[in-house]
Amino acid sequence: MKKLTGLFGVFMLPLCLFAQQGRGLSGAKKKDLFTHHPQNWHMLSFAKDSVYGIEANKAYAEILNGKTSKKVLVAVIDAGVDINHEDLKSIVWTNKKEIPGNGIDDDGNGYIDDIHGWNFLGSADGKTNIEFATSEDDREYVRLSKVYEHTDTTKLNAADKKYFNLVKRKSALAQSIRSLEGAKNLASKVDSIDRYFRKTFPNKVVTIQTLYDTRPEFEKDKELGLMYELLKMRAQANKYSPDLPINVVYKLAPFMVSSSENNLQSQYVSSLKDGRAVVMTGLKPGQNWGNNQLSFKNSDHGTHVAGAIAAIRGNGVGMDGIADHVEIMPIRVVVPQGDEYDEDVAKAIRYAVDNGATVINMSFGKRVSPKKQLVDDAIKYAEKKDVLIIRGGGNFTEDTDQFVFYPSQFYNNGKAATNVITVGATSPFGEIMGFSNYGKKSVDLFAPGFDVYSTGIDNTYSGMHGTSMASPVVCGVATLLRSYYPKLSAAEVKNILMQTVTIVPEEWQGKQKLQNISVSGGIVNAYQALKLAYQQSQSTK
């Protein structure tokens, strides 16, 4: 009888969910959810808790209870992980083929003393570890500026010109150069304004009050008009007396130029810094780089990602991760400020695959990828080895169908990798978060990416936002599938996740409808995914 009641509940669930959803959420309720939501909202259900979580708790209670699972090794390619965290230390991967601290590559995998993972951002002796990097846009702008120093870039071939223009648009350094040019141009307009007043008011001391009272004849000149308004704003901001001579505010011109010059200088100096030069010093051809240091003061991001995926469940400490039978392999290629290097990302993927990871989370990315082919080849390698990769879709509020966010699931030939899932971020009420990238072809599905509560360094816990948080949520669900249904291939796991998303009614969403800005049109759902995986496992017996 108990079994029959359970089945009846399962059959009635869609009707209950529809009845609950039919009312939708009011604007006031949505606003309230931003500040008042369950700490573990991303694990919950709309039908029961009125938040668009992933129904993981429901899956554990109704589907996974009593079932056996296989341990899954998940690589967290990120900014390092606090491997001594109280909620993670017992699940951090240990390379049992390596003898700790003997300075020998015991297992012959090319990495010395890689006991718990690898850091590609450090020198072999461990004395230097990169903790700051510049953006790839700036690094490429500096490189290409040197390459094209004596070249007429207007005569480049179409592909090179397009790439150079892309880099110039994205590079903050290039923007600083343009800003300086603009500041100098505006500053030159002060001379025109001064000549105008001298001509209009000969033999008279022109005051700031005159600046307020005069409508200049050059107001149709946009740049002169802009400088004129800036001069008035300068006078008001400094609370100058209207009786003061107008030339007091002319100081704005050199101030604008000097500010732009200082900003450019700072940007340029940052762009020239290359910590990898030390990391790569003395390497022989084909030799790997890095060291085995994984925990850093700025490893919060990677630690948070690891906890969202697999923090120990049911231990009464901190919070529960999504997957319950996991080992975490930390691989460091990211710093909190600046972009990762393509060489490191490619090596990290191959390291994860070669050392047994079957799921990889990559909560990072950038908008320029100069060595994309290296990363493509690594993704193809993972695809061939049946390793699933989950990646955050990016936080630039951009359509990635038009503005690619790397590393991309699309190879240079346009074909999509079958083993990569790209994730956007949603709110507790099932709408896209304002920062999240999107794309009808390039973002596969969405997941909770707002105030996701997880682990931080030094046994701390906190909530974080971003597609960086949405990605490990999906990674956790994918890991559950690979753990409880280990015969599923990476492509099959992806297909199941795509088929079982929660669809939020369009009329309840804002202007951006999930259905129009992603491949699947919905939010990952652990309960539905595991239910489908179970059904498929029964049909293949």
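Select lysine 372 to begin: this residue is buried, with a relative accessible area of 12% (buried means under 20%, exposed over 50% and partly exposed in between, with a 1.4 Å probe and protein chains only). The model is predicted, so local features need pLDDT of at least 70 and side-chain atom pairs count only at pLDDT 80 or more, while totals for chains, interfaces and linings use all residues. Residues are numbered from 1 along each chain as its sequence is written, and side-chain values use heavy atoms, without hydrogens and water.

Proceed to arginine 367 and glutamate 398, which form another salt bridge, with their closest N and O atoms 3.1 Å apart. Both residues lie in loops, and the pair ties together parts that are 31 residues apart in sequence. Arginine 367 counts as buried at 18% relative accessibility, as does glutamate 398 at 14%.

Finally, display the largest pocket, which has a volume of about 790 Å³. A pocket is an open set of points on a 1 Å grid over the protein atoms alone, where a 1.4 Å probe fits, with protein on both sides within 12 Å along at least five of seven lines; lining residues have an atom within 4 Å of a point. Of its 31 lining residues, those closest to the centre are Lys162, Leu166, Lys372, Val404 and Tyr406.

How values were computed
Points joined across faces, edges and corners; volume = space filled by probe spheres on them. Salt bridge = Lys/Arg side-chain N within 4 Å of Asp/Glu carboxyl O. Helix = DSSP H or I, 4+ residues; strand = E, 2+ residues; numbered from the N terminus.
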